[in-house]
Amino acid sequence: MSQKLAPSIRISFPLLALILQCTIIVLFIFFADYSKDSPRKYTATYPVLQDVNTMVFVGFGFLATFLKRYGRSGIAFTLLLAAFALQWATILEGLLFDFEDSKIRISLSSIIHADFSAVSALVSMGAVLGNTSPVQLLLMTIVEVTCFTVNKWLLKFLLEVDRKTSGMYLHLFGAVFGLIVSQVLHRPGLQNGHEKEGSFQISDLFSMIGTIFLWMFWPSFNAALLDTDQDKAVFNTYYALAASTVAAFAISSHIHKEGKIDMSHIRSATLAGGVAVGLSAPLIPSAYIAMIIGLITGVLCTLGFKYLKAMFQLYLGVHDTCGVLYTHALPGVIGGIVYIILLSISDDLQRKMLHTEYWQTAMFITMAMSILTGLITGFILKLNIWKQPPDLKCYDDQAYWQFPHLATII
């Protein structure tokens, strides 16, 4: 087949998608049932679910539209992967955590947990966006959601870590998993960049819509699974986001020789503060501490995006399309360090010793799991049968989408 044409997915993609969907339906028939939530709990939880859904489908969807020739794929593949991931995660979460009387009990809380797993998969997708086929993305989502859920189960089984903290380390797992997959799928033809990988003014604007939606609803995301101190988590997340936003604008302007602001820095580093306080948001005692965390994270992530992205691609073969290393992985590590520091100054000595040691171990297990499973997944996806696009058709909607005749001519 000519390397100028993307391999056809007419058979492989519909076949894989329908087989997976039918398999999930069968599993729901035999194992899933609704739990009996009280009306009061439903009323309290449903708005939180919708906030998280807005982040997943609108925020991450529009965020992925920054590529000038890949906007359709960015937003639509986000919808596809999130829709599949939340169903598959419901099954896995139910089997490992909500299995009662031989049934998976579906509740609003379990759906929120599934949404969190979907977010982890979307973070991984960001690392390989544009240079993978829909078939590869679906397969990666299956494995990533499975491994992320198993990682949560391991942390609970080995360390008694409450799975409600999963939202706090999903960024680290998803980013590292995606970056390792990207490294394994490294192609010399993309070593020095790609002409279609940049953005247009309109694609940057659409991407900023996603950033703004994520910014608005991130406080709900950090507080969604908490039983106590939800208000404190919301307040601290807002202030951390605000400080990281100011830092991102300031540093982006400073590092440009003419003082101009780079939109790629803004759409990524402005969110870093929300990631960094994710675990510790309910523990931070004062707003100024959240601001300091957001400020530091915004500075580091903007600098990392500017100076480290090209180095990772050149020397390590890690092509990070969306910059998940700086939006999710680095802030996730900073968040873990902040959490350990807050515990170390806690007045509760027993809690301090127990949780500090457990979180250090949890971070190590999460990193090890994401690296190992990312390597395995990368080698699986590297097989030619999964229809990876050739270099010339990367970051191009025309490889997978039908365009109106006039648009095609233009």
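Asp101 counts as exposed, at 69% relative accessibility; buried stands for under 20% relative accessible area, exposed for over 50%, and partly exposed for values in between, using a 1.4 Å probe and protein chains only. The model is predicted, with local features needing pLDDT of at least 70 and side-chain atom pairs counting only at pLDDT 80 or more, while totals for chains, interfaces and linings use all residues. Residues are numbered from 1 along each chain as its sequence is written, and side-chain values use heavy atoms, with hydrogens and water left out.

Asp101 is found in the loop between β2 (99-100) and β3 (103-106). Helices (H or I, at least four residues) and strands (E, at least two) are DSSP runs numbered from the N terminus. Phi of Asp101 is near 55 degrees, a positive value in a residue other than glycine. Most residues other than glycine have a negative phi. Asp229 also has a phi near 55 degrees. Asp229 sits in the loop between α7 (201-223) and α8 (230-255) and is partly exposed, its relative accessible area being 37%.

Next comes a helix pair. The axes of α3 (residues 71-97) and α4 come within 8 Å and cross at roughly 135 degrees; axes are lines fitted to C-alpha atoms, for helices over the stretch in contact, and angles run from 0 to 180 degrees between N-to-C directions. That angle makes α3 oblique to α4, since angles under 35 degrees count as roughly parallel, over 145 as roughly antiparallel, 65 to 115 as roughly perpendicular and the rest as oblique. Residues of α3 that meet α4 include Phe77, Leu81, Ala85 and Glu93, and those of α4 include His113, Asp115, Leu122 and Met125. Contact here means heavy atoms within 4.5 Å.

A nonpolar core is a set of buried Ala, Val, Leu, Ile, Met, Phe, Trp, Tyr and Cys residues joined through side-chain atoms within 4.5 Å. Of the 98 residues in this core, Trp88, Phe116, Met140, Trp218, Phe221 and Trp359 touch the most other members. Leaving aside neighbours within four places in sequence, Trp88 is in contact with Ile24, Leu27, Ile142, Val145 and Thr146. Another core lies apart from it, with nine residues, among them Ala240, Ile284, Ala290 and Leu342.

Gly273, in helix α10 (residues 272-276), is buried at a relative accessible area of 0%. Beyond four places in sequence, Gly273 is in contact with Ala240, Leu241, Ser244, Gly294 and Thr297.
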